[in-house]
Each structure stands twice: as structure tokens, then as C-alpha cells.
Amino acid sequence: MSILLHPTYFPSIAHFVAIAKADTITFEVCDNFVKQTYRNRSYIYGANGPLLLNVPVVYSQKNRKPYSAVSVFHEEHWQLQHWKSLESAYRTSPFFEFYEDELKPLFFEKVELLLDFNLKCFEVICDCLQLAPHITTTTTFEKQITNAVDLRGLVNAKSPMKQHFTPYTQVFSSKHGYIENLSILDLLFNEGPNALNYLENQSLTAL
């Protein structure tokens with residue numbers, strides 16, 4: 001099975017369920033950047049419930065840019081804030097320390113382009129999962145495709161493609177219950193080496 005996806009910031013579990021089941025993954029890199037999508041945001045499980053991690057970017061509605069040309073805005077020290085949020089949320093999880101050394105450098109090196117950073121984060125997550133997907137990228141933007149399953153809709157933060165997965169133990173589930181389809185980081189820190197097996201055993205509504 002071939003799928004078409006947008007590269008996003010520490011993708012959702014739904015993204016990785018699709019990736020774990022696919023033979024070939026094509027990343028859409030020829031689209032225009034759109035605000036309020038998972039291109040530059042991700043949700044983790046904080047002490048007070050879902051917590052948004054947002055990557056600030058240099059962008060305006062008047063001067064639209066291709067996704068591949070969108071720069072990251074650095075004056076807000078967002079990387080340090082994101083890392084502190086991850087430590088606060090997952091330091092007590094079973095596998096945070098297991099993956100800490102692989103993930104931490106991503107938050108302490110300067111990045112220029114959002115797309116490049118997202119692809120690098122994806123590569124590190126795949127290493128953590130011991131997943132080696134076959135990746136290609138688009139060369140032109142096509143609204144309709146026939147040679148792959150189009151899952152670009154998963155990029156929308158308010159996606160109509162609602163997903164329901166098997167619950168797993170989360171750090172703050174005793175306070176707020178199970179929260180579905182968070183960032184892959186939530187699954188990784190809570191399930192560790194079992195994360196890939198979990199992904200392979202889930203079903204995606206769109207497939």
C-alpha cells in the first residue's frame with residue numbers, strides 16, 4: 001500500500017498507524033503552508049490535559065509561501081519551552097529516559113526551515129521505533145491522486161477523519177482519562193519498544 005501524507009511536527013499516532021502499515025510513504029512537500037494545522041503543532045498529555053506544542057513561524061496571510069519555504073521564528077525560545085514541557089509531562093513515564101538522548105538534541109540546535117526540521121524529527125522518531133519506511137517526496141502538487149491513498153487530510157487539526165485506537169496507559173490518565181491520538185511522543189514514552197507493535201495492531205478509519 002502507498003500513502004500520501006503531509007510531514008508534520010512530531011506526527012500524531014494516526015499518522016504513524018498509517019506509516020506502519022504502508023509499503024511506500026510519499027510526503028507532500030509541494031503544497032502551500034496553511035496555518036492552524038499539524039504542520040507546526042503537536043499535542044502531548046500534560047498535567048492539566050492536552051497540551052499544545054506550537055512551532056512559531058514567519059508567515060502572513062498576505063504573503064503566502066510554499067510549505068518548503070516557511071522559516072521558523074526563533075525569538076520566542078520555543079525549542080527550550082517545548083523540551084521543558086516534554087520533561088514535565090513525561091519525566092515519570094516508563095520510557096522517557098530510554099529515548100531522551102536521541103530526542104533532546106532536536107531542541108538544542110538551531111533550525112531554519114520548518115519542513116526540514118519536521119523531516120529530521122520524523123527520522124529520529126523512526127529510529128526510536130526501529131521503523132525503516134520507504135520514503136519518497138512529491139515533485140508537483142496534485143489536488144487529486146490515483147496512485148496512493150490520500151491521507152493529507154490528517155494534517156488538519158480539526159480533521160473530520162476521527163480515529164479511535166486501543167487505549168494504553170498514560171501518565172496522567174488517572175486525572176483526566178485516556179486522551180486519544182496525541183503525538184507519537186506520548187505513545188513512545190509510555191509504551192517504549194512495544195510502540196511499533198501497538199501501531200501495527202491498530203486500524204485507521206481512512207484505510
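## A first look around this predicted model

Residues are numbered from 1 along each chain as its sequence is written, and side-chain values use heavy atoms, with hydrogens and water left out.

Back to Gln36: its phi is positive, about 60 degrees, although Gln36 is not a glycine. Most residues other than glycine have a negative phi. Gln36 is also exposed, at a relative accessible area of 61%. For the wording used here, buried means under 20% relative accessible area, exposed means over 50%, and partly exposed is in between (1.4 Å probe, protein chains only). His77 has a positive phi too, about 55 degrees, and is not a glycine either. You'll find His77 in the loop between strand S6 (71–72) and helix H2 (78–90), and at 58% relative accessibility His77 counts as exposed.

Asn32 also lies in the loop between S2 and S3, and is partly exposed at 47% relative accessibility. From Asn32 to Leu53 is 21 residues in sequence and 21 Å in space, C-alpha to C-alpha.

Now for the salt bridges. The whole structure holds seven of them, each being a side-chain nitrogen of Lys or Arg within 4 Å of a carboxyl oxygen of Asp or Glu.

| Pair | N to O distance |
|---|---|
| Arg152 and Glu28 | 2.9 Å |
| Arg152 and Asp150 | 2.8 Å |
| Arg91 and Glu97 | 3.9 Å |

The bridge between Arg152 and Glu28 links distant parts of the chain: Arg152 is in the loop between strand S8 (149–150) and helix H5 (173–176), Glu28 is in the loop between strand S2 (24–27) and strand S3 (41–46), and the two are 124 residues apart. Arg152 is buried at 8% relative accessible area, and Glu28 is buried at 1%. Asp150, the other partner of Arg152, is partly exposed at 32%.

Over at Arg91, relative accessibility is 31%, so this residue counts as partly exposed. Its partner Glu97 is exposed at 59%. Salt bridges that share partners join Glu87, Arg91, Glu97 and Glu100 into one network.

Which residues of H3 are buried? They are Phe96, Tyr99, Glu100 and Leu103. These four cover an arc of only 135 degrees around the axis, so they end up on the same side of H3; the arc is taken from the directions between the helix axis and the C-beta atoms. Glu97, Phe98 and Asp101 are exposed on the other side of H3.

Asp101 also belongs to a negative surface patch, together with Glu102, Glu123 and Asp127. Patches are built from residues with over 30% relative accessible area and no salt bridge, joining like charges within 9 Å and nonpolar side chains (Val, Leu, Ile, Met, Phe, Trp, Tyr) within 5 Å. Helix H3 (96–103) and helix H4 (114–129) each supply at least two residues of the negative patch. Glu123 is in helix H4 and is exposed, with a relative accessible area of 52%.

Notes. This is a predicted model: local features need pLDDT of at least 70, side-chain atom pairs count only at pLDDT 80 or more; totals for chains, interfaces and linings use all residues. Accessible areas come from the Shrake-Rupley method with a 1.4 Å probe; for residues, only the protein chains shown count as cover. Lys and Arg count as positive and Asp and Glu as negative; His and the chain ends are not counted. The place of a charge is taken as NZ of Lys, CZ of Arg, CG of Asp or CD of Glu.
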